[in-house]
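Work through the exercises below with the sequence and the structure at hand. Try each task before reading its solution.

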Amino acid sequence: MNEFEKSIKEYLSNKTYKHALGVKDTAIKLSEIYGCSKEKAETASLLHDIARDIPLSNMRQILKESGFWSSSHSPVVEDPLLLHAYAGKIIAKQRFGTQDEEVLKSIELHTTGGESMSVLDKVIFVADFIEPGRAFYGVEKARILAYKNLDKTVLYIYKFILRHLLSRELFICKNTLLGYNEIIMKM
Ligand SMILES: [Fe+2]
Ligand SMILES: [Fe+2]
């Protein structure tokens, strides 16, 4: 474990830290196949869930102080699952000194996806879904697809997320719909 990994471990539960390492290994493999920076994939993977174990009230505080908090984001700020990606971006920047906008964007989009995703964004989005610690119905299919076609895997994940949200009548984040539409139009 290097110094960077040590400092990240202090922020995370054992479960989340293990997940972050799984995402890192997966994202490195995908970065080699699809051609994005291995170093950026590694940094983004380790930091992507840096806010995952922070209490909701603290996450809200972080977002408030950063100026992110606004009424237009209200559905997001009520949902810790969506919120941790935004708070994670801020923590990565402010407390881990990550200035790389590409890395920060991939952290922000890792839960919802979105429009105009870079290869790095897609690699992190997919790696988060398929890392070896993930065990749910449908993950095996995504794992096979991920090493064949990155865009088709992203679409597969959007469909998975949308089915999940629709079946439970949950809020659908605008970014997910925009990302889904964009990829459908492209194919
Ligand atoms: Fe996450
Ligand atoms: Fe994650």
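Helices are DSSP runs of H or I with at least four residues, numbered from the N terminus. The model is predicted.

**Exercise 1. Locate Ser 116, give its phi, and decide whether Ser 116 is buried or exposed.**

Step 1. Ser 116 lies in the loop that runs between α7 (101-108) and α8.

Step 2. Read the backbone angle. The phi of Ser 116 is near 50°, which is positive although the residue is not glycine. Most residues other than glycine have a negative phi.

Step 3. Count neighbours. Ser 116 has 10 other C-beta atoms within 10 Å, so Ser 116 is exposed.

**Exercise 2. Find which residues of helix α4 are buried, and describe how they are placed around the axis.**

Step 1. Helix α4 covers residues 56-66, and Met 59, Ile 62 and Leu 63 are its buried residues.

Step 2. These residues span an arc of only 95° around the axis, so they sit on the same side of α4.

Step 3. Turn to the face directed away from the buried side. Ser 57, Asn 58, Lys 64 and Glu 65 are the exposed residues there.

Step 4. Look past the end of the helix. Gly 67 follows α4 and has a positive phi, near 90°.

**Exercise 3. Describe how α4 packs against helix α6.**

Step 1. Two packed helices are described by the angle between their axes and the distance between the axes. For α4 and α6 (residues 80-94), the angle is about 50° and the axes are 9 Å apart.

Step 2. Because of that angle, α4 is oblique to α6. The crossing is left-handed.

Step 3. List the contact. α4 contributes Leu 56, Met 59, Ile 62, Leu 63 and Ser 66, while α6 contributes Pro 80, Leu 83, His 84, Tyr 86, Ala 87, Ile 90 and Ile 91.

Step 4. Sort by class. The contact of α4 with α6 holds ten nonpolar, two polar and no charged residues. Met 59, Ile 62 and Leu 63, the buried residues of α4, are among the residues of this contact.

**Exercise 4. Describe the packing of α8 with helix α2 and with helix α9.**

Step 1. Helix α2 (residues 14-34) and α8 pack at about 140°, with axes 9 Å apart. That angle makes α2 oblique to α8. The crossing of these two is right-handed.

Step 2. Val 126 and Ile 130 are among the α8 residues in contact with α2, whose own side includes Val 23, Leu 30 and Tyr 34. By class, there are ten nonpolar, two polar and one charged residues.

Step 3. Now take α8 (residues 119-130) with α9 (residues 139-146). The angle is about 140° and the axes are 9 Å apart. This crossing is left-handed.

Step 4. Val 126, Phe 129 and Ile 130 of α8 meet Val 139, Ala 142, Arg 143 and Ala 146 of α9. Six of the contact residues are nonpolar, none is polar and one is charged.

Note on methods: Residues are numbered from 1 along each chain as its sequence is written. Chains are lettered from A and ligands numbered from 1 in the order in which they are written. This is a predicted model: local features need pLDDT of at least 70, side-chain atom pairs count only at pLDDT 80 or more; totals for chains, interfaces and linings use all residues. Axes are lines fitted to C-alpha atoms, for helices over the stretch in contact, and angles run from 0 to 180 degrees between N-to-C directions. A crossing is left-handed if the near helix is turned anticlockwise from the far one by less than a right angle, and right-handed if clockwise. Two residues are in contact if their C-beta atoms, placed from the backbone, lie within 7 Å. Ala, Val, Leu, Ile, Met, Phe, Trp, Tyr, Cys and Pro count as nonpolar, Asp, Glu, Lys and Arg as charged, and the others, Gly among them, as polar. Angles under 35 degrees count as roughly parallel, over 145 as roughly antiparallel, 65 to 115 as roughly perpendicular and the rest as oblique. A residue is buried if 20 or more other C-beta atoms lie within 10 Å of its own, exposed if 12 or fewer, and partly exposed in between; C-beta atoms are placed from the backbone. The arc is that of the directions from the helix axis to the C-beta atoms.
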